[in-house]
Amino acid sequence: MYISSLSIKNYRNFGDEEFTIPLKPFTAIIGENNIGKSNLLESIGLILSQDITMFKKRMLDIEDINYKTKETFKKQVANLVFMDDLKGIEEKIKFPEVKVEIVLEDMDDDQLAVVGDWFFEPTFTKAKLTYLFRPRPGFKKSDWINQQKEKLAKLHKERHIESKKLYEYVDFPIEQYEYIIYGGDNPANKCDPYFLRMLKLEVLDALRDAKRELKANGEYKLLYRILNKDYDTDFVGIRTLLENLNEEIKQNEKLQQIKRELTHYLDRVSLVNSVEQNNIDFNFSSPEISEILKKLSLIYGQEPISIERNGLGKNNLLFISLVLSHLASQTENKSPLIFRVIGIEEPEAHLHPHSQKHLAHNLSDISKVETLDSDEGIQKNGESGIKKDTQIIVTSHSTHITTSIDLENLVVLYKDKGKLDYHYILDGFKDNREGREHIRYLKKYIDATNSSMFFARKLILVEGISEQILIPTFFKLLYGQTLERIGCNIINVNGLAFKPFLEVIKNGYFIKCGVVTDKDKGTHMENRADELKKKYDGDIIKIEFNEETFEKEILKFNQKGKGKDILLKVFQKLRPKLFIDFSPNWDSEINIDEYFGKIKEAKSDFAFFLQEELQENHDGFEIPEYIKRILKFIMEENDGEKQEN
């Protein structure tokens, strides 16, 4: 079983227009900061119970209700101040409701027995659970509206509060709200808490303090909460050992000697009392198991060191492993459990890139069943299968994480014209031979560098290192700011095919993409640029190309004048010996073929030295026109950007 669809309305940054996103048994979510990734995970916790991670209360605070929705509601109420007839007004005022809905499917027989009352469609293959935070049935809305109207009218008259600011003084009636969780489509079909507790959510949040949580010296620490579950049977042996210490204490000669001496002096300093004798003894007071557990902490390494001395990265891995190992071992029926969602925010925290990749490769395996040898704790006979009781949702900002998981499971959250939306990276590819070839190509060649395209809304695709080095410099010369400042990434496809990348962009969430390529006139690739322009050039994608190569185009636009002087300095750095021979011949203008012939095998060095020169002095340097057109296209705002800004 897994959550196949999640819908959210009016919860935090999710607005009054319901947001619905399909989910998979393993889903990786990326997106810019404050886009709603954490809120998406936490919204599931309003329905599903939590076990060992921190409890998320289902009664919401005012801040949990979408700001714009509250503002619209308050403005509706404030407008009533200038209305005389309020008859039927409570039907017109829309009191905000927070709604979270999950759809469950692919259930096994045990799960079907639990969700039987939650089906909502005729095939009985999908179940639905809904969290609804709403005004309670007994709330007298008309009385509340009249009270607010009277208060606002008084403020307007006596304190001269401007009518347009009156809404700020409306008191949101949060104390009159309640929540219900119901199954199917009928709000009257409230979920039985017994069955609801069989569905769990555990979230490892981004701000986890691994060092703090890996010590059990407090009731709210993660290690303690894990150890403290069902300890009545699990730690009987430890308790028995501690109680046996009393026998050892009674036989210890040193303690008996101290006892005799203590009794002797107590008799001397105490009053004689025939009723109460000075009988003393030593006894080991066996503490409660919960107190014993608080004394435990983890150590790590071949030469064990304490958690306090361990590195942040290793502690983060220990923290994740502690939770996952506990959840994976929940098969002993200590408490009924049929389904669990595990949410992991930013698993890359404090990890080396290699560790990030290794972790990402293994996260999807959490949903696989492994048969462990009870004595050795190792996989037995290689037996494995798919667990139908576990779903994984990961959020990340790491290109190493995103390139180490299946692109089928990667989804981006973004805003389009101010509206929150989602896009699965491989959505839109045709289910034909060409589409499948593009997908195979992307899975093979997407790496941590070019996967940064998924973290931007504007892109410039180039085919070589020279363009990658110089185009950001050209942009800064033209517009006085960096490409990063406008949310644009430059992606070097390293001479590979543009088409698979352009398919992602065409089908995706990008605002604009510029493509800079070479015509390669006179070669077998001569028609490639024209074909790309014919197929992809449009409002979202703009393709520009030169006649031959990027370097020759730079030489052509700076063959004379001050631009020539800059290029000569570059040549002198790059080819100091040849400079002596050729520079006299280029006194009036550069011979393009000669110059290019001498730098052809060192294009990246040429780009690097030119970048250095332009940073020091760019006076008189001319940027090729086709590059200017691409940069202008990227810089222009479109309707979506204007609404977002």
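**Notebook: a sheet, a helix and the cysteines**

I began with helix α1 (residues 37-44), which lies across β1, β2 and β4 (98-105) and runs at about 110° to β1. I note here that the model I am reading is a predicted one.

Next I looked up the sheet that holds these strands. I found an open sheet of five strands, in the order β2-β1-β4-β5-β6, with antiparallel pairing. Its edge strands are β2 (19-22) and β6 (177-183), each of which pairs on one side only. From one strand to the next, the twist averages 10°. As a reminder to myself, strands of a sheet pair through backbone hydrogen bonds, either parallel or antiparallel.

Strand β1 (residues 2-9) is joined to β2 by four bridges, and the two run antiparallel. Which residue of β2 stands opposite I8? I found that I8 stands opposite F19 in β2.

My last entry concerns the cysteines. How many disulfides does the structure hold? I counted zero disulfides in the structure. For C513, which is in no disulfide, the nearest cysteine sulfur is that of C488, 8.4 Å away; the cut-off for a disulfide is a pair of cysteine sulfur atoms within 2.5 Å.

Note on methods. Residues are numbered from 1 along each chain as its sequence is written. This is a predicted model: local features need pLDDT of at least 70, side-chain atom pairs count only at pLDDT 80 or more; totals for chains, interfaces and linings use all residues. Side-chain values use heavy atoms; hydrogens and water are left out. Two strands pair if DSSP finds at least two bridges between them. Axes are lines fitted to C-alpha atoms, for helices over the stretch in contact, and angles run from 0 to 180 degrees between N-to-C directions. Contact means heavy atoms within 4.5 Å.
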